[in-house]
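Let's look at how charged and sulfur-bearing side chains pair up in a protein.

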Amino acid sequence: MSGLLAELQWRGLVQEATPGLEDHLERQRPVTVYCGFDPTAPSLQIGNLVPVMLLHHLQRAGHRPIVLMGGGTGLIGDPSGKRTERPLLAPEELHANLERQRAQLAGFLDFTADRATLANNADWLVPERLVDFLRTVGKHFTINVMLQKESVKARLDAGLSFTEFSYMLLQAYDFLQLFRREGCTLQVGGSDQWGNITAGVDLIRRVEGAEVHGLVHPLMTTAAGAKLGKSESGAIYLDPALTSPYKFYQFWVNVDDRDVGTYLKLFSLRPKEGPEGIDPLLQMHAKDPAKREAQHDLADEMTERVHGKSARESVVAAAAILFSEWDPHLAKADAFDVLAQEIPTAALSGDSVTLLDAVVTAGLAKSKSEARRQIEQGGVYVNQQRESEPNRTLRPGDWLAGGNLLLRKGKKDYALLRRPS
């Protein structure tokens, strides 16, 4: 392989491809390529970004992506990779999910000047007549071939409704519609979609006599065997209301050393070599893995792309305060706003509040006697400075960035006090 396909292979974005794809990508410019996303969740997850990055690299090479939102297929549900049938969502909920995901994709693809487009398969699936669909599409599929598809075989023992069994036909029909409407000749997705994608390739060959292509990436898991984008607390979402920018950042910082090279190739826009290359970064990381330089670089890049530069700066400052004993006097108000979402936080008002009262109010001690003992033993810190006088009154200079006071008990037990504005 050479050129674009070799780049995608190096990044780990190729598992299977139809014969002749490399020549097709080099010969025809731009190739119109699509990937489908069913809006059955209110937000994309990190795992969803693998096919998005595949679209990104294709776009960067001069090709034209179509993001197909499954407003129609989302009403059915894709059985691929699922052990049980998905619950059917109401059309209103699907529409709301679709709009949220549409906004998230703008951080990864350039939709200006028709360089990429959004489509919704509800536009042709919802008004389609059943009898017409069976005559024009269904007659090209045989049951015995459909039963051999992995997405179907894996569910036969557990049970598969006719609704989900028909999903393959619907996805094939999407490819046919986008071929006719947009001249789309390539569909991409995860390896669990290979059967659905090749079904569309076959349908277009039968109906239109045309050659189109498919490309799938591997389904990603961590070195520990977990699904990509999962943490101990659950899925990592792009929506800040579901996964805070701080937790999003920390997910990347805590990536296993065995996985960080894979993730950099998948998600970073760094090249392979050169001063800003991935290979030199990994070589530097290998010399001192404890510094987690590769993880921090990836966390910076992904957080800024998903949540913006300001959010990235705020979560970096908040993390530095909690994990590096960075001077909180240097932090801006936004960093304390981040901390308020991640550590116990309480409001505290009054002009003559003692440190004793503050520790109890913050929940770092159950009683004043316990708080007194902790302070006198040197276990309490105000804005990262050790304190030993329980009865000392909090001073105006203790309140940072408009009314924030950081308390710490021991090495890692934090709380934040905030003055009502």
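Here are some questions and answers about the pairs.

This is a predicted model, in which local features need pLDDT of at least 70, side-chain atom pairs count only at pLDDT 80 or more, and totals for chains, interfaces and linings use all residues. Residues are numbered from 1 along each chain as its sequence is written, and side-chain values use heavy atoms, leaving out hydrogens and water.

User: How many disulfides does the structure hold?

Analyst: A disulfide is a pair of cysteine sulfur atoms within 2.5 Å. The sulfur of C184 is 11 Å from the closest cysteine sulfur, in C35, and therefore too far for a bond. The number of disulfides is 0.

User: Is C184 buried or exposed?

Analyst: Buried means under 20% relative accessible area, exposed over 50%, and partly exposed in between (1.4 Å probe, protein chains only). C184 has 0% relative accessibility, so C184 counts as buried.

User: Which residue forms a salt bridge with E301?

Analyst: A salt bridge puts a side-chain nitrogen of Lys or Arg within 4 Å of a carboxyl oxygen of Asp or Glu. (Helices are DSSP runs of H or I, at least four residues, numbered from the N terminus.) With the closest N and O atoms 2.7 Å apart, the partner of E301 is R305.

User: How many residues apart in sequence are the parts tied together by D357 and K368?

Analyst: Their side chains meet in a salt bridge at 3.1 Å, N to O. D357 lies in helix α18 and K368 in helix α19, so the pair ties together parts whose separation in sequence is 11 residues.

Notes:
Helix = DSSP H or I, 4+ residues; strand = E, 2+ residues; numbered from the N terminus.
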